[in-house]
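Please look over the notes below with the model open beside them. They follow one annotated site, residue by residue.

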Amino acid sequence: MSGTAIQQNISASSEKYSSEFTKGNLALPPAKKYLVVTCMDARIDPAAAFGIDLGDAHVIRNAGGNAKDALRSILISQHLLGTREIILVKHTDCGMLTFTNADALQVVAGNVGAGVLTSTFDFQPFPDLQQGVKDDVAWLKSHSALVRDIEISGWVYDVRTGKTTQVV
(Lines give C-alpha, C1' and ligand atoms only; values in the text may rest on other atoms or scores of the structure.)
Protein backbone atom coordinates (compact mmCIF):
# COMPACT_ATOMS: atom_id res chain seq x y z
CA MET A 1 0.00 0.00 0.00
CA SER A 2 1.44 3.38 -0.95
CA GLY A 3 0.56 6.90 0.09
CA THR A 4 0.94 8.93 3.24
CA ALA A 5 0.44 7.51 6.71
CA ILE A 6 -2.96 9.24 6.78
CA GLN A 7 -3.99 7.63 3.46
CA GLN A 8 -2.83 4.23 4.67
CA ASN A 9 -4.85 4.65 7.87
CA ILE A 10 -7.97 5.54 5.87
CA SER A 11 -7.56 2.48 3.69
CA ALA A 12 -7.01 0.13 6.63
CA SER A 13 -9.86 1.66 8.62
CA SER A 14 -12.17 1.38 5.60
CA GLU A 15 -11.39 -2.30 5.25
CA LYS A 16 -12.24 -2.94 8.91
CA TYR A 17 -15.36 -0.71 8.92
CA SER A 18 -16.79 -2.14 5.70
CA SER A 19 -16.21 -5.72 6.84
CA GLU A 20 -18.55 -5.09 9.79
CA PHE A 21 -20.95 -2.63 8.10
CA THR A 22 -24.64 -3.55 8.31
CA LYS A 23 -26.45 -0.27 7.64
CA GLY A 24 -26.28 -0.09 3.86
CA ASN A 25 -30.07 0.03 3.51
CA LEU A 26 -30.69 3.35 5.28
CA ALA A 27 -32.90 5.82 3.42
CA LEU A 28 -31.31 8.87 1.78
CA PRO A 29 -33.30 11.49 3.75
CA PRO A 30 -32.35 11.70 7.43
CA ALA A 31 -34.75 9.59 9.49
CA LYS A 32 -35.26 12.19 12.22
CA LYS A 33 -35.63 15.07 9.73
CA TYR A 34 -33.15 17.47 11.29
CA LEU A 35 -29.77 18.92 10.51
CA VAL A 36 -26.90 20.13 12.65
CA VAL A 37 -24.55 22.95 11.70
CA THR A 38 -21.39 22.79 13.77
CA CYS A 39 -17.70 23.59 13.64
CA MET A 40 -15.06 21.56 11.83
CA ASP A 41 -12.96 21.56 15.03
CA ALA A 42 -11.38 18.13 15.45
CA ARG A 43 -12.26 18.12 19.16
CA ILE A 44 -15.97 17.75 18.37
CA ASP A 45 -17.51 14.34 17.70
CA PRO A 46 -21.06 15.33 16.64
CA ALA A 47 -22.44 11.80 16.70
CA ALA A 48 -21.28 11.12 20.25
CA ALA A 49 -21.76 14.64 21.66
CA PHE A 50 -25.21 15.27 20.18
CA GLY A 51 -26.63 11.73 20.19
CA ILE A 52 -26.79 11.27 16.42
CA ASP A 53 -27.04 7.73 15.10
CA LEU A 54 -26.11 6.88 11.52
CA GLY A 55 -29.00 7.91 9.28
CA ASP A 56 -30.64 10.26 11.83
CA ALA A 57 -29.52 13.71 10.68
CA HIS A 58 -27.40 15.74 8.32
CA VAL A 59 -24.27 17.18 9.92
CA ILE A 60 -22.82 20.24 8.21
CA ARG A 61 -19.38 21.25 9.42
CA ASN A 62 -17.37 24.37 8.65
CA ALA A 63 -15.09 26.84 10.41
CA GLY A 64 -17.05 28.26 13.34
CA GLY A 65 -20.30 26.37 12.71
CA ASN A 66 -21.22 29.26 10.44
CA ALA A 67 -24.83 29.47 9.17
CA LYS A 68 -24.03 31.61 6.12
CA ASP A 69 -21.28 29.26 5.01
CA ALA A 70 -23.65 26.30 5.45
CA LEU A 71 -26.57 27.80 3.51
CA ARG A 72 -26.16 25.74 0.32
CA SER A 73 -26.21 22.49 2.30
CA ILE A 74 -29.09 23.68 4.50
CA LEU A 75 -31.22 24.47 1.44
CA ILE A 76 -30.52 21.06 -0.11
CA SER A 77 -31.24 19.34 3.21
CA GLN A 78 -34.55 21.14 3.67
CA HIS A 79 -35.96 21.44 0.17
CA LEU A 80 -34.67 18.24 -1.41
CA LEU A 81 -34.36 15.90 1.56
CA GLY A 82 -37.10 17.02 3.92
CA THR A 83 -35.37 18.17 7.10
CA ARG A 84 -37.56 20.32 9.32
CA GLU A 85 -35.36 21.37 12.24
CA ILE A 86 -31.99 23.14 12.46
CA ILE A 87 -29.62 22.77 15.39
CA LEU A 88 -26.72 25.27 15.27
CA VAL A 89 -23.79 24.49 17.56
CA LYS A 90 -20.74 26.67 18.13
CA HIS A 91 -18.14 25.85 20.78
CA THR A 92 -15.84 27.20 23.44
CA ASP A 93 -12.20 27.90 22.58
CA CYS A 94 -13.10 28.32 18.89
CA GLY A 95 -10.40 29.63 16.60
CA MET A 96 -12.94 31.96 14.97
CA LEU A 97 -12.95 33.98 18.22
CA THR A 98 -9.22 34.70 17.93
CA PHE A 99 -8.79 36.84 14.81
CA THR A 100 -10.29 39.53 12.61
CA ASN A 101 -10.71 39.53 8.84
CA ALA A 102 -7.68 41.80 8.55
CA ASP A 103 -5.58 39.34 10.58
CA ALA A 104 -6.61 36.37 8.42
CA LEU A 105 -6.10 38.27 5.16
CA GLN A 106 -2.60 39.25 6.30
CA VAL A 107 -1.71 35.62 7.08
CA VAL A 108 -3.01 34.40 3.70
CA ALA A 109 -1.18 37.19 1.88
CA GLY A 110 2.00 36.35 3.78
CA ASN A 111 1.71 32.68 2.85
CA VAL A 112 0.75 32.92 -0.83
CA GLY A 113 1.20 36.55 -1.83
CA ALA A 114 -0.86 39.68 -1.69
CA GLY A 115 -3.86 39.92 -3.97
CA VAL A 116 -4.92 36.27 -3.81
CA LEU A 117 -7.97 37.35 -1.83
CA THR A 118 -9.49 40.79 -2.02
CA SER A 119 -9.63 42.90 1.11
CA THR A 120 -13.41 42.35 1.14
CA PHE A 121 -13.17 38.56 1.59
CA ASP A 122 -15.05 37.67 4.77
CA PHE A 123 -13.71 34.86 6.94
CA GLN A 124 -16.72 35.53 9.20
CA PRO A 125 -14.94 35.53 12.57
CA PHE A 126 -16.98 36.45 15.64
CA PRO A 127 -15.69 38.11 18.82
CA ASP A 128 -18.38 36.82 21.22
CA LEU A 129 -19.46 33.17 21.36
CA GLN A 130 -22.98 33.60 22.76
CA GLN A 131 -23.71 36.52 20.45
CA GLY A 132 -22.33 34.56 17.49
CA VAL A 133 -24.88 31.80 18.18
CA LYS A 134 -27.72 34.30 18.54
CA ASP A 135 -26.71 36.16 15.37
CA ASP A 136 -26.56 32.98 13.27
CA VAL A 137 -29.92 31.73 14.57
CA ALA A 138 -31.52 35.13 13.88
CA TRP A 139 -30.01 35.14 10.37
CA LEU A 140 -31.40 31.66 9.68
CA LYS A 141 -34.85 32.57 11.00
CA SER A 142 -34.98 35.63 8.74
CA HIS A 143 -33.70 33.97 5.55
CA SER A 144 -36.40 33.90 2.88
CA ALA A 145 -35.17 30.71 1.17
CA LEU A 146 -35.48 28.49 4.24
CA VAL A 147 -38.58 26.45 4.95
CA ARG A 148 -40.90 28.47 7.18
CA ASP A 149 -42.31 27.45 10.54
CA ILE A 150 -39.49 25.12 11.54
CA GLU A 151 -37.63 24.91 14.82
CA ILE A 152 -34.19 26.57 14.83
CA SER A 153 -32.13 26.50 18.01
CA GLY A 154 -28.62 27.58 18.96
CA TRP A 155 -26.22 25.81 21.30
CA VAL A 156 -22.69 25.98 22.71
CA TYR A 157 -20.54 22.88 23.10
CA ASP A 158 -17.83 23.07 25.76
CA VAL A 159 -14.67 21.40 24.43
CA ARG A 160 -13.29 20.95 27.96
CA THR A 161 -16.33 19.24 29.53
CA GLY A 162 -18.19 17.78 26.53
CA LYS A 163 -21.43 19.45 27.65
CA THR A 164 -23.76 21.15 25.16
CA THR A 165 -25.96 23.99 26.45
CA GLN A 166 -28.84 25.72 24.67
CA VAL A 167 -28.38 29.48 24.13
CA VAL A 168 -31.46 30.25 22.05
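1. Cysteine 94 is in contact (heavy atoms within 4.5 Å) with Cys39, Gly64 and Phe126, leaving aside neighbours within four places in sequence. Cysteine 94 is buried, at 3% relative accessible area. Buried means under 20%, exposed over 50% and partly exposed in between, with a 1.4 Å probe and protein chains only. The residue sits in the loop between strand S3 (85-91) and helix H4 (101-112). Helices (H or I, at least four residues) and strands (E, at least two) are DSSP runs, numbered from the N terminus.

2. A word on the source. This is a predicted model: local features need pLDDT of at least 70, side-chain atom pairs count only at pLDDT 80 or more, and totals for chains, interfaces and linings use all residues. Residues are numbered from 1 along each chain as its sequence is written, and side-chain values use heavy atoms, with hydrogens and water left out.

3. Which residues does UniProt list for "binding site"? The unreviewed entry gives Cys39, Asp41, His91 and Cys94. They span 56 residues in sequence, yet no two of their C-alpha atoms are more than 8.8 Å apart, so they gather at one spot. Positions use the numbering here, feature names are shortened, and annotations may be inferred rather than shown by experiment.

4. Histidine 91 belongs to strand S3. Its relative accessible area is 0%, so it is buried. Not counting residues up to four places away in sequence, histidine 91 touches several residues, including Cys39, Asp41, Leu129 and Tyr157.

5. Aspartate 41 lies in the loop between strand S1 (34-39) and helix H2 (46-50). It is buried at 15% relative accessibility. Beyond four places in sequence, aspartate 41 touches Arg61 and His91.
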